[in-house]
Amino acid sequence: MSNDRHARTMLPIPDRAAPGLTTYDAKDPDTVFPPIEPLLPPEGAPNVLVILLDDVGFGASSAFGGPCSTPVAERLVAGGLRYNRFHTTALCAPSRAALLTGRNHHSVGMGSITETATSAPGNSSVRPNTKAPLAMTLKLNGYSTAQFGKCHEVPVWQSSPMGPFDAWPSGGGGFETFYGFIGGENNQWDPALYDGTTPVEPPATAEEGYHLTEDLADRACSWVRQQQALMPDRPFFIYFAPGATHAPHHVPTEWAERYAGRFDDGWDTLRENTFARQKELGVIPADADLTPRHDEITAWDDMPEQLKPVLARQMEVYAGFLEHTDHHVGRLIDAIDDLGLLDDTLIYYIIGDNGASAEGTMNGAFNEMANFNGMAALETPEFMVSKMDELGTPTSYNHYSVGWAWAMNTPLQWTKQVASHWGGTRNGTIVHWPKGIEQRGGLRSQFTHLIDLAPTILEAAGLPEPTMVNGVQQSPIEGTSMLYTFNDAEAPERHDLQYFEMFANRGIYHRGWSAVTKHRTPWVMVGGDLPAFDDDVWELYDGGTDFSQARNLAAEHPEMLAKLQRLWLIEAAKYNVLPMDDRTSERLDPGMAGRPTLIRGTSQLFYPGMGRLSENSVVSIKNKSFTVTAEVDVSDGGANGVIIAQGGRFGGWAVYVKDAKAKFVYNLLGIQEFAVEAETPIPAGTHQVRMEFAYDGGGLARGGAVTLYYDGSAVGRGRVGATQAMIFSADETTDIGHETGTTVTPDYTPATSRFTGKIHWVQIDLGDDDHDHMIDPEERLRIAMARQ
């Protein structure tokens, strides 16, 4: 660092011309200029690889005593360090925002997921420009930067193909390369991918053997090889964040078969067995207690007998999914090793961005969207039994039972979303850096957190924390470097104060003690009475003698509890946690939440070729009457194909033409399909094709009457029995004139979905007050101009 000629606290590093003689003629012998030197980090700066898995609990990986084999993680443990008191935020987008900035998640506007953002600064999903991401700092100091996998930090109103791209990884995120998906989850067999900011289709189909995790590993391996071939002097920063093992739990069947019969004894027994292995490995203290099952979680013995084989299969699929993910992580590590770079690559292998997910109900789910729509009751035990062999395959969108999530968080309490307890926030983490870590296979128990990665990496690279980035003065990083722990297992912990909060589940850690209160249960999506914040019951734990928060000391130490409660409030005010917000469905509505939206008014106009429009980029037709009108040209031979489609195989709707006849289909969660077809073909020429849906009203998720029209004349009638109230899909999109991803109906495939006639325009209108059943061209133009 002492020989570094750059002043690196201001980024980009200002160019400074060297004074000297300027000659008139370049052929003059005195014409001398200093060589152009590429910007590089200080000498000795390591390569960096950050691996972040998704929804993996503390007790899942075999590296931390879990039942899921993760030999790559075990290999890194043998050559590095295992951290058993490393913490996340309890939810995916907040954890990622914290990791990528070195700041608390509310400090960077990510109090919860982007889909529930509000106008409150701590929940806006907008990162202030005073808190530049780590990747930007590294790039502006000469690192090559690349991200592969999940990005859940883009505000929903900026997630369309038009951006703006300030929050996208390769836009303002600091990554020169990005290949992955935008949002919370994706279909592993048929994902909606981006290369940079350009929508792309997967290179193969599920039938051809495609899987997203393998694809991401392929891309990452190719990138690092090319980077070293072309820029061997430049260190790299790779952020590898596959969507695994977030639901849907998709994995080739042979990986799930490795675990056949291993979970037949249920989650209570699995937790006990995992706890015993954790003690044998020494990843938890010898005096740690196994926390008991909460009343909200049904005992295995009390589950319906007919459902138990399905439940066991859910866990077999999940275990195979995690092992499959670890395998492909290993391919990237092997590629780095083959290049001779492993010894000088600082690797973080963070096994989960929060605790295991309990968003699948007690029975698990064939399609997790059923629970998000308050319709889990459609997936009866009989239905689940009928779908057992499909779990994990391309025809499923599956999740496992709450009971398995609880077992995957052994020995801790609760699960993902419960930021109050370690089951939601404590994730096993491995650090591997042979050049910088002397001990092999060591255990570190200092309190650490995701916000500590950024300062650790900067210190390892010999880089200062920037005070100015792109002309904006920066606020201080809020994490603490972990470098002091690398070669001193007994070093006193330096990160000794940390708040936690998610949907009003909240807690605080301070010098070994934790005060916590659980406010809401994550798998209760609809209904349920929440207490007032001031009525929440707080618990107190001494982490010095109680690793798993098993012994509540609130009654014995009321003074300590009161002190920590006050300290939580101070930290909450400091980091934009307030006001707390425990609303759910209200926050899905942009108007009620107070966030911007691309949609204005009650009408939206589309043109042919538009596609990959996220659900937040399209006017919501849920729980209301609506019409879809399209002006099309049809040849004498008729037409076929999609006019407009939203969603996919696991929920959505489409207006399309089959055998020259207009057709409307509503796919309810991939469980029920309601179709209405016109009685006659569309005549040759230019015509308006219209679908009117008259909502029954009287509450959410009701059905309605469907009428199809050609040029204002009714040509078909039918009914939709029920609708999805909240969300169609987390990954499928809206397309005009074709359909990407999985299709709403098996009447066509993506390859055959393209409309064979000509579409002039398509318009969605909310309400049912148009009695002419047509759109006047001048009125359409007026609406379009009003949206300018």
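Which helices each supply at least two residues of the lining of the largest cavity? They are α3 (134-139) and α12 (453-461), where helices are DSSP runs of H or I with at least four residues, strands are runs of E with at least two, and both are numbered from the N terminus.

This is a predicted model, in which local features need pLDDT of at least 70 and side-chain atom pairs count only at pLDDT 80 or more, while totals for chains, interfaces and linings use all residues. Residues are numbered from 1 along each chain as its sequence is written, and side-chain values use heavy atoms, with hydrogens and water left out.

**Cavities and a pocket**

Rolling a probe the size of a water molecule over the atoms shows where empty space is left. On a 1 Å grid over the protein atoms alone, a cavity is a set of points where a 1.4 Å probe fits but cannot get out, a pocket is an open set with protein on both sides within 12 Å along at least five of seven lines, and lining residues have an atom within 4 Å of a point. Grid points are joined across faces, edges and corners, and a volume is the space filled by probe spheres set on the points.

Seven cavities of 30 Å³ or more are present in the structure. The lining of the largest cavity consists of 13 residues, with Arg103, Ala132, Thr137, Pro466 and Ile477 nearest its centre. Around the second largest cavity, the lining includes Asn186, Asp190, Glu201, Arg612, Asp731 and Glu732. The second largest pocket is lined by 21 residues, and those closest to its centre are Arg5, Asp15, Arg16, Ala17 and Ala18.

The table sets out volumes and lining classes, with Ala, Val, Leu, Ile, Met, Phe, Trp, Tyr, Cys and Pro counted as nonpolar, Asp, Glu, Lys and Arg as charged, and the others, Gly among them, as polar.

| Space | Volume | Lining residues by class |
|---|---|---|
| Largest cavity | about 90 Å³ | seven nonpolar, four polar, two charged |
| Second largest cavity | about 70 Å³ | two nonpolar, four polar, five charged |
| Second largest pocket | about 690 Å³ | 14 nonpolar, three polar, four charged |

**Glutamine 549**

Glutamine 549 is placed in the loop between β19 (539-542) and α14 (558-574). Its relative accessible area is 0%, so glutamine 549 is buried, a term that means under 20% relative accessible area with a 1.4 Å probe and protein chains only. Apart from neighbours within four places in sequence, the residues in contact with glutamine 549 (heavy atoms within 4.5 Å) include Thr291, Gln413, His421, Trp422 and Tyr541.

Strand β9 (residues 236-241) is largely enclosed by the rest of the structure, because six of its six residues are buried. In a regular strand the side chains alternate between the two faces of the sheet. In β9 both faces are covered, with Phe236, Ile238 and Phe240 buried on one side and Phe237, Tyr239 and Ala241 buried on the other.

Two strands pair if DSSP finds at least two bridges between them. Strand β2 (residues 47-52) pairs with β9 in the parallel sense over four bridges, and valine 50 has tyrosine 239 as its bridge partner in β9. Strand β5 (residues 144-151) also runs parallel to β9, joined by six bridges, and tyrosine 239 is the bridge partner of glutamine 147.

**An antiparallel sheet**

Five strands make up an open sheet with antiparallel pairing, in the order β25-β24-β23-β22-β29. Its edge strands, β25 (672-677) and β29 (734-736), each pair on one side only. Within this sheet, β23 (residues 651-658) and β24 (residues 661-668) run antiparallel and are joined by seven bridges, and valine 657 stands opposite alanine 662 in β24.

Note on methods
Buried < 20%, exposed > 50% of the residue type's maximum accessible area, 1.4 Å probe, protein only.
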